[in-house]
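Subject: Structure for you, with notes

Dear colleague,

Here is the structure I said I would pass on. Please open it alongside the notes that come after it.

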Amino acid sequence: MEKAEPTFLVTLFISALLLVTLFSVTPLSQLASPISAKFPLPSFGHDEVLYDDVFPTSIDQQDDYEESSLDMQSVLPAFDENDVVVLAEHNFSDFVARNQYVMINFYAPWCYFSKKLAPVYAAAATMLKGKAVLAKIDCTQEIELGRMFKIKWYPTVYFLVGGGVQQVLYDPKEERTRNAIVNWVNHKMNIGAQNLTILEDAECVLAAKPVMVLGLLEGPESEELAAVSKLHMDVYFYQTANVDVAKLFHIDEQIKRPSLVLLKREGENHTHFGHEGQFTRSAIADFVSVYKVPSVITFTVEDASNIFENPMKQLWLFTPDGSCEVLSIFKDTANAFKGKLLFVHVEIGNEGSVGRNLAYEFSVPEDAPRVVAQYNTVDGTKKHVYHGELTLNGIKSFAEQFLEGKFLRTEKHMETVLRLPSHSHTSDPSSFPQTY
């Protein structure tokens with residue numbers, strides 16, 4: 001034991017010396033930052049992918065990413081943002097009205113991914129100068145503009161056309177490089193119906209695009225599709241004379257040409273809707289307007305006024321947690337009544353939530369799924385609760401009776417529910433808890 005004691009002291013001294021040396025040459029932030037370990041700081045080339053498969057930063061993640069964002073300030077090279085216009089509430093409306101094409105980056109200064117996008121976005125702004133304007137809005141300062149566009153993630157990028165008449169979201173899954181942004185904007189400015197002649201290309205389109213329209217034509221091009229595509233820039237338009245491509249898009253090869261189908265991704269699958277009207281610009285435009293929107297609208301505070309003020313008859317589904325099967329049946333029913341009824345889904349949630357408040361207003365239980373029909377009469381807004389089985393046939397039968405007006409002719413079943421004049425605090429969206 002007496003011989004081992006000097007050896008122990010020497011070992012302890014050497015270990016301490018190594019630790020002092022390590023901390024003297026290595027910044028503490030690199031040793032202890034979990035953000036740096038999870039998201040290694042890249043070099044920024046103009047054509048580098050922004051963040052591969054990593055989703056943008058949620059507004060709720062501010063504290064987690066502030067440290068990483070500060071670290072990046074010492075890593076990012078200097079870049080020129082002279083061609084990026086800074087928008088705020090005082091100049092937003094006039095600027096958008098004066099410019100035909102405006103791309104807007106909604107960002108937060110503390111956000112890691114906002115920092116990464118900035119030099120790429122600035123380079124794209126320079127390349128597009130004279131064609132389209134690229135702007136940015138600091139959502140930590142311009143809260144009302146963020147609410148107007150329902151910003152949930154940073155960065156979120158929108159493309160506005162014709163004074164904001166059309167607002168197209170730049171899909172977060174899209175590649176975010178200088179060239180990718182430039183090509184995307186150029187495509188939107190020169191939008192039209194693209195030709196699909198090769199089956200392999202059609203398969204790629206189906207895998208990548210969320211909402212698309214395909215016309216099966218006798219000739220190579222359609223002026224009608226080209227015109228409508230400019231009215232619906234958030235939808236991808238294609239045309240083909242290839243029967244195999246048409247079959248892939250669920251168009252019967254025996255159908256009379258020209259014919260049209262709209263496909264919309266819902267979950268992992270596509271729902272398809274065939275156009276049965278005339279092949280005219282107005283008829284096609286109306287068809288796309290109805291079928292491009294989600295079959296079922298999930299209720300949010302931001303959409304409250306749009307839902308309540310919609311003149312269509314409405315079918316509401318209230319669900320507690322874990323009611324996925326009923327929601328799936330409700331969506332199938334919605335597809336069968338597309339353009340005839342408005343379908344709304346409410347997640348009931350916890351005590352004090354928006355969903356719980358609505359469940360109380362509609363007089364439905366909080367622990368079980370319930371379907372409610374809501375409609376307007378001269379006496380106010382009325383409801384009729386469905387008490388049958390929550391099956392596809394049951395809900396469809398209920399919807400058919402609702403559409404035929406049978407509830408209106410049965411006064412004893414009618415109950416007043418949400419009267420919507422401005423003095424009613426329960427129907428005022430500002431009275432609900434803010435969810436973002």
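This is a predicted model: local features need pLDDT of at least 70, side-chain atom pairs count only at pLDDT 80 or more; totals for chains, interfaces and linings use all residues.

Residues are numbered from 1 along each chain as its sequence is written, and side-chain values use heavy atoms, with hydrogens and water left out.

Whole chain

The chain holds 16 helices and 18 strands; helices (H or I, at least four residues) and strands (E, at least two) are DSSP runs, numbered from the N terminus. Of its 436 residues, 45% are buried, where buried means under 20% relative accessible area, exposed over 50%, and partly exposed in between (1.4 Å probe, protein chains only). The accessible surface is about 23400 Å², and carbon and sulfur atoms account for 52% of that; areas come from the Shrake-Rupley method with a 1.4 Å probe, and for residues only the protein chains shown count as cover. Taking contacts (heavy atoms within 4.5 Å) between residues at least 6 apart in sequence, 75% join residues at least 24 apart.

Nonpolar cores

A nonpolar core here is a set of buried Ala, Val, Leu, Ile, Met, Phe, Trp, Tyr and Cys residues joined through side-chain atoms within 4.5 Å. The largest has 39 residues, and Met 103, Phe 159, Val 185 and Phe 249 touch the most other members. Elements giving two or more residues to this core include helix 6 (112–127), strand 6 (156–161), helix 8 (178–189) and strand 11 (259–266). Apart from this core lies another, of 22 residues, with Val 96, Trp 110, Cys 111 and Phe 113 among them. Val 185, leaving aside neighbours within four places in sequence, is in contact with Met 103, Leu 128, Ala 132 and Phe 159.

Helix 15

Helix 15 (residues 354–361) is largely enclosed by the rest of the structure, because six of its eight residues are buried. The buried ones are Val 354, Gly 355, Arg 356, Leu 358, Ala 359 and Glu 361. Their cover includes helix 13 (304–308), strand 14 (314–319) and strand 15 (342–347).

Ser 363 counts as exposed, at 52% relative accessibility.

Helices 14 and 16

Helix 14 (residues 324–336) packs on helix 16 (residues 392–403) at an angle of about 40 degrees, with the axes 9 Å apart. Axes are lines fitted to C-alpha atoms, for helices over the stretch in contact, and angles run from 0 to 180 degrees between N-to-C directions. Helix 14 contributes Ile 329, Asp 332, Thr 333 and Ala 336 to the contact, and helix 16 contributes Leu 392, Ile 395 and Lys 396.

Backbone details

Most residues other than glycine have a negative phi, and most peptide bonds are trans. Ser 363 has a positive phi, near 60 degrees. Lys 150 also has a positive phi, near 55 degrees; Lys 150 sits in the loop between helix 7 (143–148) and strand 5 and is partly exposed, with a relative accessible area of 35%.

Tyr 154 and Pro 155 are joined by a cis peptide bond, with omega about -10 degrees. Pro 155 is in the loop between strand 5 (153–154) and strand 6. The bond from Arg 257 to Pro 258 is cis as well, with omega near -5 degrees, and Pro 258 is in the loop between helix 11 and strand 11.

Regards
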